[in-house]
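Before reading on, please have the sequence and the coordinates open side by side.

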Amino acid sequence: MNGTPSKITKVIFFISFLALIDNQCLAFDYKGLHWNNRIVSFYLWNPPSAAVIQAHNKSAATWNNAGANFYFLPESTTSNIPGVRDFKNVIGGANDPYFQENPDAAAFTRCWPTSVGSTIWSECDTVMNMNDPISTSGDPNAYDLESISVHEFGHWLRLGDLYSTGVPGNVMFWSLSLGEIRRILDIDSRNGIIHIYGPR
Ligand SMILES: [Zn+2]
């Protein structure tokens, strides 16, 4: 791996507010930021289809069933635009300026701590790139929404991207190919959420 993405892969980016400190002995990446509350609600930007709602709810349930003391709670839809600091955790497509500088990103997660320098999250939004083909039904020429959602929720938890070629089945692997399905939680990511939030 030379670090250059091939044309069939797209990076799922994450904006971090901390300097990089690697957990070399762990098969997940965690740098200390976390939620204090153990139930974190999320809203879908209007107007999601039933299939989109189901994809995100299944993704949330995947993490909720990991055995950790942490839960994503689906809320109603909202007209609040994702990617903007509004104290509401919103997921949806938007023409965020981030995509102008990172057109290869299929989605990204942007989080805000409670205050500058704090290690406690108070809001996370996930923004989908509306220029990318997204599918909820395994279309080989589109990115699988539930797979993206599982990955981005991992960033909400504050698991970082993994770049090792030895972990392509890990939901926190940094890139996803067209048509690739990666919805099932791997053991490393399961250990990661339990490490951060404790067992249930
Ligand atoms: Zn990522």
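Which elements do the buried residues of α1 pack against? They pack against β3 (39-45), β4 (71-78), β5 (90-93), α3 (145-157) and α4 (187-197), where two residues are taken to be in contact if their C-beta atoms, placed from the backbone, lie within 7 Å.

Two remarks on conventions belong here. Residues are numbered from 1 along each chain as its sequence is written. The model is predicted, so that local features need pLDDT of at least 70 and side-chain atom pairs count only at pLDDT 80 or more, while totals for chains, interfaces and linings use all residues.

In outline, the protein chain has four helices and ten strands, and from the N terminus on its elements follow the order β-β-β-α-β-β-α-β-β-β-β-α-β-α. Of its 200 residues, 35% count as buried; a residue is buried if 20 or more other C-beta atoms lie within 10 Å of its own, exposed if 12 or fewer, and partly exposed in between, with C-beta atoms placed from the backbone. Among the contacts of the protein chain with a separation of 6 or more, 69% are between residues 24 or more positions apart.

Helix α1 itself comprises residues 50-64, 15 residues in total, and extends 20 Å from its first C-alpha to its last, close to the 21 Å expected at 1.5 Å a residue, the expected span being 1.5 Å times one less than the number of residues. Its buried residues are Val52, Ala55, His56, Ser59, Ala60, Thr62 and Trp63. They are on the same side of α1 because they cover an arc of only 155° around the axis, the arc being that of the directions from the helix axis to the C-beta atoms. An α-helix has 3.6 residues a turn, so residues three or four places apart point the same way. On the face turned away from the buried side, α1 carries the exposed residues Ala50 and Ala51.

β3 and β4 pair in the parallel sense over six bridges, pairing being assigned if DSSP finds at least two bridges between two strands, and Val40 has Phe72 in β4 as its bridge partner. Between them the chain crosses from β3 through α1 to β4 in a right-handed β-α-β crossover, that is, with the strands pointing away from the viewer, the path from the first strand over the helix to the second runs clockwise. β3 also runs parallel to β5, joined to it by two bridges, and Leu44 stands opposite Ile91 in β5.

β5 and β7 (121-128) pair in the parallel sense over three bridges, with Gly93 opposite Met128 in β7. β6 (107-113) and β7 run antiparallel and are joined by seven bridges, Thr109 standing opposite Thr126 in β7. Six of the eight residues of β7 are buried, which leaves this strand mostly covered.

Several of these elements meet again in the largest nonpolar core, which has 37 residues; such a core is a set of buried Ala, Val, Leu, Ile, Met, Phe, Trp, Tyr and Cys residues joined through C-beta atoms within 7 Å. The residues with the most contacts inside it are Trp63, Ala107, Ile148, Phe153, Leu157 and Met172. Two or more residues each come from β3, α1, β5, β6, β7 and α3, and α3 gives the most, with six residues.

The loops deserve a separate look. Gly83, in the loop between β4 and β5, counts as buried because it has 24 C-beta neighbours inside 10 Å. Gly83 touches Ala94, Asp96, Arg110, Asp125 and Val127, not counting residues up to four places away in sequence; the C-alpha atoms of Gly83 and Asp125 are separated by 5.3 Å, although these residues are 42 residues apart along the chain.

Phe87 lies in the loop between β4 and β5 and has a positive phi of about 65° although it is not a glycine; Phe87 is exposed, with 8 other C-beta atoms within 10 Å. Arg158, in the loop between α3 and β10 (175-177), is likewise not a glycine and has a positive phi of about 85°, but Arg158 is buried, with 25 other C-beta atoms within 10 Å.
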